[in-house]
Amino acid sequence: MKTVFYGAALLALALFPFHARAALGGRVETVEADRVHMKGTVQVRQANAYSVHEIQAPNNVLVREFVSPAGVVFGVGWRGPFMPDMQQLLGAHFAHYQAAVQAQKSGYVGRRPLNIQSPDFVVQMNGHMRAYSGRVYLPTQVPPGARAEELW
Amino acid sequence: MVRRVLFGGGVVSVMAGALLLAACGGGSSGSNNTSPINNVQPISVSGGPVPGQIYPDGAFTSVTICEPGTSTCQTVGGILVDTGSIGLRVLASAIPGLNLPQLSGAGTGLFSCVSFVDGSFLWGSVAQADVKMADEVASGGSVQVIQNPTGFQIPTACSNGGVNIDNQVALGANGILGVGPEPVDCGFACDPSSGTTPPNVYFTCAPNGNCQLAQVPFAQQVINPVVLFPVDNNGVIVEMQSLGGTAATDSGSLVFGIGTQSNNTLPNAATVFTLDDFDNFTTNFNQQALNASFIDSGSNGLFFPDDSIPQCAGNSIAPGFFCPASIQNLSAQNVGVNGRNNTVNFSVDNAVNLFQSNPSDAAFPTLGGPNGSGICSNQNSGACSFDWGLPFFYGRKLFSSIDGQPQPTGLPAAPWWAY
């Protein structure tokens with residue numbers, strides 16, 4: 001494992017101006033749009049089968065974006081005292097998320113951690129007020145060698 | 001009296017008496033009360049207030065809400081007792097007789113947004129109210145009045161792709177009483193002194209629907225009513241009767257204060273579990289240290305990661321709960337940040353069978369479900385949370401101390417849980 005500071009901020013800013021939408025399913029370059037949106041700092045860590053772009057926001061929310069060797073964001077995870085901006089993080093998959101949450105919530109009475117596990121889309125959230133954690137990933141795009149439990 | 005408070009770059013008028021957060025220096029504690037008052041609020045597991053709908057493992061109480069400083073009050077039943085959130089949130093439709101003053105200023109109103117981990121959210125105005133339970137009175141604190149805005153849309157920063165549960169059927173309750181281990185729902189990150197962009201918790205909205213993220217000082221944030229009580233303000237006890245098995249109902253008490261009266265003393269035999277910065281402790285389960293675990297009366301089951309237990313079918317009457325072929329007798333160990341620990345034996349049964357065999361029951365001690373999947377890996381990543389929901393409360397007396405509030409001599413600084 002090695003840690004390097006993200007170094008393409010200026011280029012990415014030029015390519016993806018403020019409010020550009022990222023990230024799940026998008027190219028690695030979209031991580032920068034999320035960083036700008038969160039006013040955070042980013043560090044990149046290399047895991048065995050993928051890289052982790054870790055964005056730390058000033059309000060203590062931590063977002064991890066998991067990027068395949070092909071340069072595709074195949075998962076995002078987060079934790080912190082607040083929910084991250086899901087539309088920003090999920091990009092093209094935001095509508096999928098909305099529909100899945102709506103479908104699940106209409107099926108029961110009560111309060112519990114979110115758990116959506118379909119063949120091509122996994123969403124899991126847990127925690128409580130002031131301590132949220134969650135992840136969304138695309139199982140069909142998880143690169144060989146990556147373990148799903150690491151994607152959080 | 002009108003107070004002017006700066007937030008979000010604007011001037012806000014607050015109709016209220018002196019709002020002094022006990023966490024910021026006021027408050028009283030200790031066992032020196034000269035005239036004890038009734039500090040016991042009954043709670044019940046009764047299926048909730050929605051006709052024809054059973055809310056399994058939900059603990060409900062009633063709260064009297066008043067226009068500040070007046071005797072114009074309304075008592076609202078069907079309020080969910082929730083140690084996993086902070087502050088009173090009530091449906092506007094449940095308090096039709098009240099006109100609670102909304103925090104507002106410069107042509108904008110102040111609104112609150114709360115996100116839940118099931119993907120639901122609540123939007124509503126921030127209003128001042130006196131909140132009464134048992135003989136305790138919380139005067140002039142902020143509450144959330146749940147109501148869709150008229151004339152504009154809820155900002156996407158609040159809805160965030162989630163489901164609006166702004167009505168009794170969707171909420172399963174008339175409101176939520178958040179009595180978790182913090183004094184307010186947001187804290188420093190929303191206070192102007194943080195100097196950061198506010199999170200998606202408070203918004204100011206002009207009548208034309210122009211909403212902005214807002215900073216709100218501690219004293220105006222939606223508040224745990226307990227910290228505003230003149231006495232018995234340092235924590236709560238949630239105590240539920242034990243159950244031999246599934247039951248129509250269960251009863252219990254929400255007791256205010258810890259070590260402030262003869263009825264809320266922490267027993268010597270109790271274990272105190274101090275909490276981390278996220279108000280979590282560790283639960284050792286299946287050879288894993290689940291370090292984001294917590295106790296939450298507002299979760300209607302025991303939710304933990306165990307891929308070996310089958311889940312009920314999505315089209316069953318118990319989607320998302322566990323459905324083992326036979327009852328599972330399990331064990332876990334809770335460990336505080338202070339290292340104090342306690343072993344918990346618990347059971348999880350087949351939720352479809354439970355619901356089918358007991359169609360009119362509301363109390364299920366063996367109701368459980370998944371909380372993430374896979375393992376809890378290193379780097380605090382993965383499925384690392386055991387959510388001890390309401391079944392954990394049956395037959396226990398759970399003490400929850402509130403961050404910043406003075407605790408009895410000999411006990412650690414809050415926040416902590418003890419049982």
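How many helices and strands are there in chain A? The views below start with that chain in this predicted model and then move on to its partner.

**View 1. Chain A, from fold pattern to burial.** Chain A has 4 helices and 8 strands. Of its 152 residues, 56% count as buried. Take the contacts in chain A between residues at least 6 apart in sequence: 44% of these join residues at least 24 apart.

**View 2. The side of chain A that touches chain B.** Here, 41 residues of chain A are in contact with 58 residues of chain B. On the chain A side, at least two residues each come from α3 (86–90), α4 (94–105), β6 (114–118), β7 (121–128) and β8 (131–137). For the complex, the predictor gives an ipTM of 0.90 and a pTM of 0.91.

**View 3. Confidence along chain B.** The average pLDDT of chain B is 91, and 90% of the residues score at least 70. Residues 1–31 of chain B call for some care: their pLDDT is below 50, although this stretch has 80 contacts in the model beyond near neighbours in sequence. Where pLDDT is low, the predicted coordinates should not be read in detail.

**View 4. An open sheet in chain B.** In this view, 7 strands of chain B form an open sheet with mixed pairing, in the order β22-β21-β18-β19-β24-β20-β23. At the edges stand β22 (341–348) and β23 (368–370) of chain B; each has a single partner strand, so one side of each is left without a neighbour in the sheet. Within the sheet, β19 (residues 288–295) and β24 (residues 387–388) of chain B run parallel and are joined by 2 bridges. To find your way into this pairing, look for F294(B), which stands opposite D387(B) in β24(B).

**View 5. Two domains of chain B in contact.** The domain assignment divides chain B into domain 1 (2–17 + 38–228) and domain 2 (267–418). Their C-alpha centres lie 26 Å apart, and 21 residues of domain 1 of chain B are in contact with 25 residues of domain 2 of chain B. On the domain 1 side, strand β5 (residues 73–82) of chain B gives the most, with 3 residues. That side of domain 1 divides into 11 nonpolar, 7 polar and 3 charged residues.

Methods
Residues are numbered from 1 along each chain as its sequence is written. Chains are lettered from A and ligands numbered from 1 in the order in which they are written. This is a predicted model: local features need pLDDT of at least 70, side-chain atom pairs count only at pLDDT 80 or more; totals for chains, interfaces and linings use all residues. A residue is buried if 20 or more other C-beta atoms lie within 10 Å of its own, exposed if 12 or fewer, and partly exposed in between; C-beta atoms are placed from the backbone. Two residues are in contact if their C-beta atoms, placed from the backbone, lie within 7 Å. pLDDT is the predictor's confidence in each residue, from 0 to 100. Two strands pair if DSSP finds at least two bridges between them. Domain bounds come from an automatic or database domain assignment. Ala, Val, Leu, Ile, Met, Phe, Trp, Tyr, Cys and Pro count as nonpolar, Asp, Glu, Lys and Arg as charged, and the others, Gly among them, as polar.
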